[in-house]
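Subject: Structure for your study

Dear colleague,

Please find below the structure that I am handing over to you.

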Amino acid sequence: MLDSSGGRGFGANLKAGKSQMSDPAESIDAMLARIPYARFLGLRIELAGDEMTAILPFGQHLVGNPTLPAIHGGVLGAFMEMTALAQLLVKEGQARQPRVIDVSIEYLRSGRPLTTYARAEIKKVGRRIANVHVEAWQDQRAAPIAALRGTSW
Amino acid sequence: VPYDEKLIGDPDTGVIAGGVVTALLDHACGQAVHTGLTEFKTIATLDLRIDYMRPAEPGRDIFAKGQLLQGDPLGRLRAGGGLRRRSRPIPWRRPRRPSCSIPAAVGALAPISRRGSRK
């Protein structure tokens, strides 16, 4: 739920953004550094060309169930949501933060006290709305712990 | 969730990160499920769907209300929730003033231990 600076659609941002953002790695780092909640979670982004991986190192502040222990489901949702937004910024080079409309999260396995990774796939970027799928995993890429489908504009 | 600068998602406007709302709604639904259990059980969220209706107003606390809706034969319990700007109770299904309810969420939660499998 991120407010936009203006009511422009994706197409307009694509053009405006391209000229403003030259290095995606630099701009994504700058974006994360500016978002207090990303700093609070400890979110990091790694780029290999246009392939982006979001990394969430485990910390006690992420625990939702101390008896297991397990990472809080809401934290995983927040992490995947931020991954989707970051991927949109990397791919589309937008000048503004995309605004999330709705998300649907599937919790597949419990989040153990390990580093969590996530990758986002942009399924479609329309003129106003983008659809993104995100998958989060820990030690095995083939055994995701959660998945998110979201739309944003 | 009291407004806190470290929870900001958009530094330009000071709006709280959407993820904070996700976490709050997930937690509210989880607590709602606990109200329907006769004994303490470990529960886990199976799926969660959130519609963001409008951004939370910067500088204001966020209140969430979770409600236990139903249980099914698999032992899954369903909870729903919504956000309000004030702590004054508003019916979850029919908010009197919809502008007050920020997003709505429906989640399905289940006890991890199936009935009878543990204690």
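Chain A contains four helices and eight strands; helices (H or I, at least four residues) and strands (E, at least two) are DSSP runs, numbered from the N terminus. Along the sequence, the pattern of chain A reads α-α-α-β-β-β-β-α-β-β-β-β. The model is a predicted one, in which local features need pLDDT of at least 70 and side-chain atom pairs count only at pLDDT 80 or more, while totals for chains, interfaces and linings use all residues. Residues are numbered from 1 along each chain as its sequence is written, chains are lettered from A and ligands numbered from 1 in the order in which they are written, and side-chain values use heavy atoms, with hydrogens and water left out.

Of the 153 residues in chain A, 50% are buried. Here buried means under 20% relative accessible area, exposed means over 50%, and partly exposed lies in between (1.4 Å probe, protein chains only). Contact means heavy atoms within 4.5 Å. Among contacts in chain A between residues at least 6 apart in sequence, 62% join residues at least 24 apart.

The strands of chain A

Strand S6 (residues 116-125) and strand S7 (residues 130-137) of chain A pair in the antiparallel sense over eight bridges; two strands pair if DSSP finds at least two bridges between them. A hairpin of four residues leads from S6(A) to S7(A), and A:Lys124 stands opposite A:Asn131 in S7(A). S7(A) also pairs with strand S8 (residues 146-152) of chain A, in the antiparallel sense and over seven bridges. In that pairing, A:Ala130 stands opposite A:Ser152 in S8(A).

The interface with chain B

How many residues of chain A are in contact with chain B? The count is 28 residues of chain A, in contact with 34 residues of chain B. The area buried between the two chains is about 2400 Å², and carbon and sulfur atoms give 60% of that area. Buried area is the accessible area (1.4 Å probe) that two parts lose on being put together, summed over both.

Six residue pairs are in polar contact between chain A and chain B (both at pLDDT 80 or more). A polar contact is a pair of N or O atoms within 3.5 Å; within protein, one must be able to donate a hydrogen and the other to accept it, and residues adjacent in sequence count only if both atoms are side-chain atoms. On the side of chain A that touches chain B, helix H3 (36-41), helix H4 (73-92) and strand S5 (100-107) each supply at least two residues. S5(A) gives the most, with eight residues. The residues of this side of chain A divide into 15 nonpolar, seven polar and six charged. In this division, Ala, Val, Leu, Ile, Met, Phe, Trp, Tyr, Cys and Pro count as nonpolar, Asp, Glu, Lys and Arg as charged, and the others, Gly among them, as polar.

S5(A) also pairs with strand S3 (residues 43-51) of chain B, in the antiparallel sense over five bridges. There, A:Asp102 has B:Asp51 in S3(B) as its bridge partner.

Salt bridges

A salt bridge is a side-chain nitrogen of Lys or Arg within 4 Å of a carboxyl oxygen of Asp or Glu. Across the interface of chain A and chain B, the rule finds one salt bridge. B:Asp12 forms a salt bridge with A:Arg34, and their closest N and O atoms are 2.6 Å apart. B:Asp12 is exposed at 57% relative accessibility, whereas A:Arg34 is partly exposed at 44%.

Within chain A, A:Arg112 and A:Asp139 meet in a salt bridge (3.0 Å, N to O). A:Arg112 lies in the loop between S5 and S6 of chain A and A:Asp139 in the loop between S7 and S8 of chain A, so the pair ties together parts that are 27 residues apart in sequence.

Around A:Asn65

A:Asn65 lies in strand S3 (residues 63-65) of chain A and is buried, with a relative accessible area of 16%. The side chain of A:Asn65 makes a polar contact with the side chain of A:Thr67 (2.6 Å) and reaches the backbone nitrogen of A:Leu68 at 3.4 Å. A cis peptide bond joins A:Leu68 to A:Pro69, with omega at about -15 degrees. Most peptide bonds are trans.

Yours sincerely
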